[in-house]
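Welcome to this structure. Here are some notes to read alongside the sequence and the 3D view, taken one point at a time.

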Amino acid sequence: MKNKKSMGWLPYVMVFPAFAVMTLVVIFPICNTVLKSFTTASNSFTLDNYLYFFTSRDAVESLVFTMAEALCTMIFGITFSFLLALYLRFSKSRISRIMGRLYLLPRFIPGIAAVYAVMNVIKDSGFINRFLQLFGIMYQPGLLYDIKGIVLCNLWFNIPFSAMLLSAALSSINDSYVESARDAGCSWRGILRYIILPLTYKDLIVAATFILMGQVGAFTIPYLTGPNNPKMMGILLYQQVNTYLDYQRAAAFSVLMFLLCLGGAVVYIKSNMKDEVWENGK
């Protein structure tokens, strides 16, 4: 007992390196950014950095455009990835086995190379246009430099990642649950509603949260495929730093983007807390 008391400091020593790194890399930059967002270039207190965001037409349009793109990407991404995960989980065909080995391939392709590849397909003079010209059809998709192009490119990246998370959740569903429901006369619609969704809804929330938070701060894809106006918030933040050299206003933008992402994190934490309360019988 005495030896255990004398070694009571050991856990704190073991945790200290990780805590120090987290403080230096995460906590300190966040605190510094928050403080900078309330100052001017002469280090005096001001709220103008935040007032600009809510009074500037460009900033408000950027917020609306960003949330519209993020919500569209999240909805389409979750829908398609969930359907893909269902197909891979419950189909026994050869095609599903091949897709199960290949659907993660986009995750291993460098992002900038993938974006340019997609651009060469969807732009007005890209592969779609050139292919249809072989049949005498002049068609320009009009997908590039528009919100549709941003959503399409982001789906290319997010669907495999979300499908991987949802496939792991669906793999935990025992086949006997589905077979018993089928024997009892339950349709696939009923199985999806009463068996699959209740067992996987938390993973759906996790995947949706990851997609939403990733889109709020997206930069590379909107920079290459997005319109000049309105802009995604990541592009507007980049301009504040590199074009206008307004670090205080950029700090305010960073804080607001963090608060937007925090909303998705709160939903995720609340869903986990509900599960813990249910498991504890409270």
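Predicted model: local features only at pLDDT ≥ 70, side-chain atom pairs only at ≥ 80, totals over all residues.

1. Thr220 counts as partly exposed because its relative accessibility is 40%, between the limits of 20% and 50%. Across the chain, Gly111 is 109 residues away in sequence, yet the C-alpha atoms of Thr220 and Gly111 are separated by 8.3 Å.

2. The biggest contribution is that of H12, with 3 residues. In total 13 residues line this pocket, and those nearest its centre are Pro222, Tyr223, Pro227, Asn228 and Ile235. The space inside comes to about 150 Å³. What classes of residue make up the lining of the second largest pocket? There are 9 nonpolar, 3 polar and 1 charged residues.

3. Stay with the loop between H11 and H12, where you will find Pro230. The peptide bond that joins Asn229 and Pro230 is cis, with omega at about -5°.

4. Next, two residues with a backbone angle to check. Asn43 is not a glycine, yet its phi is positive, at about 65°. You can find Asn43 in the loop between helix H2 (10-37) and helix H3 (48-55). Is Asn43 buried or exposed? With a relative accessible area of 66%, Asn43 is exposed, because the cut-off for that class is over 50%.

5. Leu245 is another residue other than glycine with a positive phi, here near 55°. Its location is the loop between H12 and helix H13 (247-280). Leu245 has 53% relative accessibility and therefore counts as exposed, the class for values over 50%.

6. The largest nonpolar core has 19 residues, and Met74, Ile78, Phe82, Leu170, Ile191 and Ile196 have the most contacts inside it. Which elements give two or more residues to this core? They are helix H4 (57-90), helix H8 (147-171), helix H9 (175-183) and helix H10 (188-216). H10 provides the largest share, 8 residues.

7. Leaving aside residues up to four places away in sequence, Met74 touches Ala208, Ile211 and Leu212. There is also a second, separate core of 16 residues, which includes Val115, Leu143, Phe157 and Met232.

8. Finally, the cysteines. How many disulfides does the structure hold? The count is 0. As a reminder, a disulfide is a covalent bond between the sulfur atoms of two cysteines. For Cys261, the closest cysteine sulfur is in Cys72, 17 Å away, so the two are too far apart for a bond; the limit for a disulfide is 2.5 Å.

9. Two cysteines also fall into separate accessibility classes. Cys261 counts as buried because its relative accessibility is 17%, under the 20% limit. Cys186, at 24% relative accessibility, counts as partly exposed.

Note on methods. Residues numbered from 1 in each chain as written. Heavy atoms only, no water. Buried < 20%, exposed > 50% of the residue type's maximum accessible area, 1.4 Å probe, protein only. Core = buried A, V, L, I, M, F, W, Y, C linked by side-chain atoms within 4.5 Å. Helix = DSSP H or I, 4+ residues; strand = E, 2+ residues; numbered from the N terminus. Contact = heavy atoms within 4.5 Å. 1 Å grid on protein atoms, 1.4 Å probe; cavity = no way out; pocket = protein on both sides within 12 Å on 5 of 7 lines; lining within 4 Å. Points joined across faces, edges and corners; volume = space filled by probe spheres on them. Nonpolar A, V, L, I, M, F, W, Y, C, P; charged D, E, K, R; others polar.
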